[in-house]
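Please read it beside the sequence and the structure.

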Amino acid sequence: MGRLDDLKETPSQTAGPYVHIGLTPNKLGNAGVYPVDLGESPIRDGAQGEAVTITGTVRDGAGMILRDALIEIWQADADGIYPGNDPRGAADPNVTGWARIIADFDSGEWLLNTIKPGRVPYPDGRSMAPHISVWVVARGINLGLQTRIYFEDEDNSACPVLARIEQPERRETLIARQTGPGHYRFDIVLQGDGETVFFDI
Amino acid sequence: MTQDSPHPRNSVDRGALYPRDRDWHPAAYTPGYKTSVTRAPSRPLVALGSTLSEETGPAFGQNAIGDLDNNLILNFTGQPAIGERIILHGRVVDENGRGIPNVLVEIWQANAGGRYRHKKDGYLAPLDPNFAGCGRCLTAWDGSYEFLTVRPGAYPWPNDVNSWRPMHVHFSVFGTGFGQRLITQCYFQGDPLIDLCPIVKTIGQRKAIESLVAPLDMNRAIPMDCLAYQFDIVLRGRRQSVFENRMEGM
Ligand SMILES: [Fe+3]
């Protein structure tokens with residue numbers, strides 16, 4: 001080993017087809033090792049804020065819906081504070097902020113029940129529109145894909161992260177469509193027409 | 001059980017993340033690994049520096065982890081799994097060489113015959129009734145972790161006509177920021193299948209592949225009990241201000 005600052009991040013490898021054995025064994029049907037799977041919900045009873053339900057799918061470049069996708073989300077509380085190690089202070093104790101979601105093994109649909117996060121400051125002090133960070137892994141994905149869910153009924157016009165996306169029509173791929181009060185749709189497209197914006201962030 | 005209430009962290013857990021070296025990681029589109037062809041984004045990623053959304057991340061507490069969770073030999077039925085007994089251990093550090101304590105490490109693997117406990121795996125090798133193939137633990141104060149398991153078997157998979165996966169253990173690792181989230185695979189020193197594997201070959205640089213190969217560690221082997229392999233994991237580092245460093249030392 002050279003100087004300590006020569007250390008390189010461990011290279012990624014695909015999660016493969018059997019990721020559920022490790023990360024959601026109970027949902028797979030391998031009960032008996034862990035009492036429950038981690039990351040069942042990003043909130044607990046009593047979490048402050050607007051309850052929202054987001055559903056979606058993950059689709060590949062051939063138009064096929066993935067049945068083996070695993071998604072993790074990370075979000076702030078209703079005031080825009082992250083749980084745990086946010087330097088600005090403590091978050092709502094009923095918001096854990098993190099969830100692990102899997103596509104349904106038959107339909108490929110995934111579902112997230114949470115609260116809408118608040119605005120979070122960008123490093124230069126401007127504020128980012130309310131968003132949920134998303135990380136997608138599956139067989140065939142060599143390095144976890146990072147994207148964000150924004151909300152159709154929020155003012156997204158001044159978000160410095162959305163502004164970094166050059167083509168305005170591509171920004172639309174990050175905006176969850178409202179399908180009813182408190183209900184949103186967010187389909188992730190890995191490749192091709194309507195390809196979701198993924199970040200190197 | 002979800003993760004614990006947030007516990008206070010120190011300044012080491014803050015600060016902008018170093019950019020990822022995308023040439024060191026596998027590219028998204030790697031036709032030698034066929035499934036990547038339709039699952040790789042075709043547009044360039046949108047690059048920007050990390051924000052609070054990536055610099056913060058979930059924390060887990062010891063009470064989310066059971067006593068046998070890191071013992072894959074016993075954690076399914078309490079009766080021992082069949083196979084070569086090994087300790088698989090290492091440290092989770094960042095690119096500045098600092099051990100990262102209290103972060104969740106989860107693993108999954110095939111049994112000693114190369115068969116996964118999964119409805120989609122129909123390989124000839126039998127299931128072991130005492131092996132589920134999953135384990136997890138939190139890193140200790142210095143970033144160290146340890147699993148007791150059996151060495152997984154190699155297995156064939158449909159890619160090329162005769163593709164085989166080398167012996168490997170899948171690793172999922174959290175850091176202190178969601179932008180550090182990483183899934184990878186650990187291989188075993190001396191396995192001739194490593195150099196033939198289409199998934200290994202998604203990585204372009206020899207040194208990067210070598211960093212996924214765990215060497216035999218006779219210092220940690222237990223006589224008359226088990227061998228040991230060492231797999232250290234490096235997560236993205238963080239920029240730190242002088243002020244924060246000083247606060248750390250006080
Ligand atoms: Fe595998």
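## Terms and conventions

Helices (H or I, at least four residues) and strands (E, at least two) are DSSP runs, numbered from the N terminus. The model is predicted, and local features need pLDDT of at least 70, side-chain atom pairs count only at pLDDT 80 or more, and totals for chains, interfaces and linings use all residues. Residues are numbered from 1 along each chain as its sequence is written, chains are lettered from A and ligands numbered from 1 in the order in which they are written, and side-chain values use heavy atoms, with hydrogens and water left out.

His170(B) lies in strand 8 of chain B, which covers residues 168–173. Its relative accessibility is 3%, so His170(B) counts as buried. Buried means under 20% relative accessible area, exposed over 50%, and partly exposed in between (1.4 Å probe, protein chains only).

Two polar contacts of the His170(B) side chain can be named: one of 2.9 Å to the side chain of Tyr116(B), and one of 3.0 Å to the side chain of His168(B). A polar contact is a pair of N or O atoms within 3.5 Å; within protein, one must be able to donate a hydrogen and the other to accept it, and residues adjacent in sequence count only if both atoms are side-chain atoms. Leaving out residues up to four places away in sequence, His170(B) touches Thr14(A) and Ala15(A) from chain A, and from chain B Glu106(B), Ile107(B), Trp108(B), Tyr116(B), Tyr155(B), Thr184(B) and Gln185(B).

## The interface between chains A and B

How many residues does each chain bring to the contact? Chain B brings 93 residues and chain A 83 residues. The area buried between chain B and chain A is about 7,800 Å², and carbon and sulfur atoms give 57% of this area. Buried area here is the accessible area (1.4 Å probe) that two parts lose on being put together, summed over both.

Seven salt bridges are counted between chain B and chain A, a salt bridge being a side-chain nitrogen of Lys or Arg within 4 Å of a carboxyl oxygen of Asp or Glu. One salt bridge joins the side chains of Lys8(A) and Asp21(B), at 2.4 Å from N to O. On the side of chain B that touches chain A, strand 9 (residues 182–188) gives the most, with five residues. The residues of that side divide into 40 nonpolar, 30 polar and 23 charged. In this division Ala, Val, Leu, Ile, Met, Phe, Trp, Tyr, Cys and Pro count as nonpolar, Asp, Glu, Lys and Arg as charged, and the others, Gly among them, as polar.

## Strand pairing

Two strands pair if DSSP finds at least two bridges between them.

Within chain B, five strands form an open sheet of mixed pairing in the order 4-3-8-9-10. Strand 4 (134–138) and strand 10 (213–214) of chain B are at the edges, each with a single partner strand, so one side of each has no neighbour in the sheet. Strands 8 and 9 of chain B run antiparallel and are joined by six bridges; Val173(B) has Leu182(B) as its bridge partner in strand 9.

In chain A, strand 1 (residues 51–56) is joined to strand 5 (residues 110–115) by six bridges in the antiparallel sense. Strand 1 of chain A is also joined to strand 11 (residues 183–185) by three bridges, in the parallel sense. Thr53(A) has Asn113(A) as its bridge partner in strand 5, and stands opposite His183(A) in strand 11.

## Local features

Most residues other than glycine have a negative phi. Asn102(B) has a positive phi near 60°. Asn102(B) lies in the loop between strand 2 (85–94) and strand 3 (104–108) of chain B and, at 35% relative accessibility, counts as partly exposed. Met224(B) is not a glycine either, and its phi is positive at about 65°. Met224(B) is in the loop between strand 10 and strand 11 (227–230) of chain B, and is exposed, with a relative accessible area of 88%.

Conventions
Contact = heavy atoms within 4.5 Å.
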